[in-house]
Amino acid sequence: MRPDAPNYSPLLNPGVVPQGFVPFQTNPGNVDANGAVHPLAGGQPFVVCAHQPTGPHTHTQYPYVTGTSVLAIKYKDGIMMACDTLGSYGSTKRYKSVERMSVVGQSTVIGASGEYSDFKYILNLLDDLTTHDYCLDDGQQLSPKEICSYLTRVLYNRRNKFDPLWNSLVVGGVSPKGESFLGMISMIGTAYTDSHVATGFGAHLARPLFREKQYDDMPEDEAKALLEDALRVCYYRDKQSINKFQMAKVTKDGASISQPYALATAWHYEAFVNPTAAAIGSW
């Protein structure tokens, strides 16, 4: 039985058959008058992809496993960041223990909304970057601002290739000089810094709370309470969120991420008990 022609990546063709390798082809020229199949000899040009794509790659235009809001604020000792642990498969709450925050270097934390596999790719890039920085052994370390600048260029570069990384990133940390840094980067490479940032629905639901109550010199307990209030509001109003959260803290002494935990919630509010009471045509 003759095997089907392999369907390799279009990035490989056109190629040349290596010496000693004789692939079967579906080209009628390989079949003689008696119906016998004659594989090509080594060194002859051939096309390794039997089905050429008719357009650009579109696999990055449809994110599959995604995360929702990431929230972060400055406080007296550094940066505090929080998000839930849900990885949604479309509208399905599929993966309940996905960690969407990671420590980078010694004093930086990065959090991500959007496609989880793209976030893992970004973490691999950062691992290479920090490994190279460590191997230099020059007594210096990458600051949060430098990492944020690097990621801004990475996301903008991929956007210009029309092959974006489907993530919104939050970068927070404390520099070796003790300066707090907090920035946010969108999937097309636009970035800004502020005393409080949020991605996803958190930009609409949490930041109004931050504008009212956050200040840079607030103590740690107030900062944690404010973040938990914002997380609770996001859980109430965002259907792609669950009551399982992690909180990260970055100070001059280093960075840490808590174990997942749940918040106390209340569902006795009138708008929750009868949400369609004021809707037109409701029962």
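**Notebook: strand β14 and its sheet**

I started with C83, whose bridge partner in β14 is Q246. One place along, I found A82 with M247 of β14 as its bridge partner. A note on what I'm looking at: the model is predicted, so I take local features only at pLDDT of at least 70 and side-chain atom pairs only at pLDDT 80 or more, while totals for chains, interfaces and linings use all residues. Numbering runs from 1 along each chain as its sequence is written, and side-chain values use heavy atoms, with hydrogens and water left out.

**The strands**

I went by DSSP runs for strands (E, at least two residues) and helices (H or I, at least four), numbered from the N terminus. Two strands pair if DSSP finds at least two bridges between them. Strand β5 (residues 78-84) pairs with β14 in the antiparallel sense, over six bridges. Then I checked strand β15 (residues 254-257): β14 pairs with β15 over four bridges, again antiparallel. A hairpin of two residues joins β14 to β15, and T251 stands opposite G254 in β15.

Is β14 enclosed or open? I see six of its seven residues (245-251) buried, so β14 is largely enclosed by the rest of the structure. Buried here is under 20% relative accessible area, exposed is over 50%, and partly exposed is in between (1.4 Å probe, protein chains only).

**The whole sheet**

I traced an open sheet of five strands, in the order β13-β4-β5-β14-β15, with antiparallel pairing. β13 (196-198) and β15 are at the edges with a single partner strand each, so one side of each has no neighbour in the sheet. The twist averages 10° from one strand to the next. Helix α5 (residues 220-237) packs on this sheet and touches β4 (70-75), β5 and β14. I noted about 160° between the directions of α5 and β4; axes are lines fitted to C-alpha atoms, for helices over the stretch in contact, and angles run from 0 to 180 degrees between N-to-C directions.

**A look at S69**

Where is S69? I found S69 in the loop between β3 (65-67) and β4. S69 has 6% relative accessibility, so it counts as buried. Leaving out residues up to four places away in sequence, S69 touches C83, R100, S113, T199, G200, F201, G202 and D238, where contact means heavy atoms within 4.5 Å.

I also looked up which backbone nitrogens the side chain of S69 reaches. That of F201 is at 3.4 Å, and a polar atom of the S69 side chain lies 2.8 Å from the backbone nitrogen of G202.

Key. Polar contact = N/O pair within 3.5 Å; in protein donor to acceptor, adjacent residues only side chain to side chain.
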